[in-house]
Amino acid sequence: MEDLPQGYRPNVGVCIINSDDQVFVASKLNSPGAWQMPQGGIEDGEEPISAAIRELRQETGIVSAEIISEVPRWLTYDFPPHVKAKVDRLWRGDWHGHAQKWFLMRFTKDDSEINLANGEADPEFAEWKWSSPEEVIDQATEYKRPIYEEVLRTFKPYLQGNAVSAKCKSSKW
């Protein structure tokens, strides 16, 4: 993969929005209260966009989505020591953190399609909700917060003019 930073596990993230431009977030099963957007690893030989579509389907059950935009470069974050020890053991590697390609997608069905336990993979999330971009940043795990700020800042032009984005006057994004 072109320009992939060394020492970072290749990963994708999906910022999926509904018709009100609210962002999908879910709470991790193993970290209650840690809300995040769907994300996951890129398999060997897999293109980032294919990984994003696969991860979205596996984690949320969502198949009805259209791709709107992409962050043009890899974004990285480092794992805190306790997370690094766990992921290095699970993924049999020595990773500083994740290098992520982020995609903006619009959900084109109703909420009944969302299924966190759809049987495609072990469930990762306990619950989900639609949030404003500001809430997404505020509720993110601290070490992911700078990435979320950059992702939402990049996608902000696609959220302009909405009642939801008009409420988000925070300088964070």
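Analyst: Strands are DSSP runs of E with at least two residues, and helices are runs of H or I with at least four; both are numbered from the N terminus. The coordinates are those of a predicted model.

User: Where is Asp 3 placed, and is Asp 3 buried or exposed?

Analyst: Asp 3 sits in the segment before strand 1. Its phi is near 60°, a positive value in a residue other than glycine. The cut-off for exposed is over 50% relative accessible area. Asp 3 has 63% relative accessibility, so it counts as exposed.

User: Which other non-glycine residue has a positive phi of about 60°, and is it buried or exposed?

Analyst: The positive phi of about 60° belongs to Asp 21, which is not a glycine. Asp 21 lies in the loop between strand 1 and strand 2. Buried means under 20% relative accessible area. With a relative accessible area of 3%, Asp 21 is therefore buried.

User: Which residue forms a salt bridge with Asp 21, and how far apart are the closest N and O atoms?

Analyst: The partner of Asp 21 is Arg 106. Arg 106 lies in strand 7 (residues 97–107) and Asp 21 in the loop between strand 1 and strand 2 (23–28), so the pair ties together parts that are 85 residues apart in sequence. In the salt bridge of Arg 106 with Asp 21, the closest N and O atoms are separated by 3.0 Å.

User: How many residues apart in sequence are the parts tied together by Lys 28 and Glu 124?

Analyst: Lys 28 and Glu 124 form a salt bridge whose closest N and O atoms are 3.1 Å apart. Because Lys 28 lies in strand 2 and Glu 124 in the loop between strand 7 and strand 8, the parts tied together are 96 residues apart in sequence.

User: Is Lys 28 buried or exposed, and what is the class of Glu 124 by accessibility?

Analyst: Lys 28 has a relative accessible area of 18%, so it is buried. Glu 124 has 30% relative accessibility and therefore counts as partly exposed.

User: What is the distance between the closest N and O atoms in the salt bridge of Arg 57 with Glu 120?

Analyst: Arg 57 is partly exposed, with a relative accessible area of 27%, and Glu 120 is also classed as partly exposed, at 40%. The closest N and O atoms of Arg 57 and Glu 120 are 2.6 Å apart. Arg 57 lies in helix 1 and Glu 120 in the loop between strand 7 and strand 8, so the pair ties together parts that are 63 residues apart in sequence. The N to O distance asked for is 2.6 Å.

User: How many salt bridges does the structure hold?

Analyst: Side chains of opposite charge can pair when their charged atoms come close. Some of the bridges form a network, which links Glu 43, Glu 46, Arg 54 and Glu 55. The number of salt bridges in the structure is nine.

User: Which helix gives the largest share of the lining of the largest pocket?

Analyst: The largest pocket has a volume of about 720 Å³. Of its 29 lining residues, the closest to the centre are Lys 28, Asn 30, Val 87, Trp 91 and Glu 124. At least two lining residues each come from strand 1 (8–17), strand 4 (39–41), helix 1 (48–60) and helix 2 (81–91). The largest share, six residues, is supplied by helix 2.

User: How many charged residues are in the lining of the largest pocket?

Analyst: The lining is split by class into nonpolar, polar and charged residues. Nine are nonpolar and eleven are polar, while the number of charged residues is nine.

User: Is Ser 27 buried or exposed?

Analyst: Ser 27 is found in strand 2. Beyond neighbours within four places in sequence, its contacts include Trp 35, Glu 124, Phe 125 and Glu 127. Its relative accessible area is 2%, so Ser 27 is buried.

User: How far apart in space are Glu 127 and Pro 32, C-alpha to C-alpha?

Analyst: Glu 127 is placed in strand 8 (residues 125–131) and counts as partly exposed at 44% relative accessibility. Leaving aside neighbours within four places in sequence, Glu 127 contacts Val 25, Ala 26, Ser 27, Trp 35 and Leu 116. Glu 127 and Pro 32 are 95 residues apart in sequence, and their C-alpha distance is 9.3 Å.

User: Which domain does the UniProt annotation give for residues 7–153?

Analyst: Over residues 7–153 the chain is 27% helix and 33% strand, with the end C-alpha atoms 26 Å apart. The unreviewed UniProt entry annotates residues 7–153 as "domain: Nudix hydrolase".

Conventions:
Residues numbered from 1 in each chain as written. Predicted model: local features only at pLDDT ≥ 70, side-chain atom pairs only at ≥ 80, totals over all residues. Heavy atoms only, no water. 1 Å grid on protein atoms, 1.4 Å probe; cavity = no way out; pocket = protein on both sides within 12 Å on 5 of 7 lines; lining within 4 Å. Points joined across faces, edges and corners; volume = space filled by probe spheres on them. Nonpolar A, V, L, I, M, F, W, Y, C, P; charged D, E, K, R; others polar. UniProt positions renumbered as here; feature names shortened; annotations may be inferred. Buried < 20%, exposed > 50% of the residue type's maximum accessible area, 1.4 Å probe, protein only. Contact = heavy atoms within 4.5 Å. Salt bridge = Lys/Arg side-chain N within 4 Å of Asp/Glu carboxyl O.
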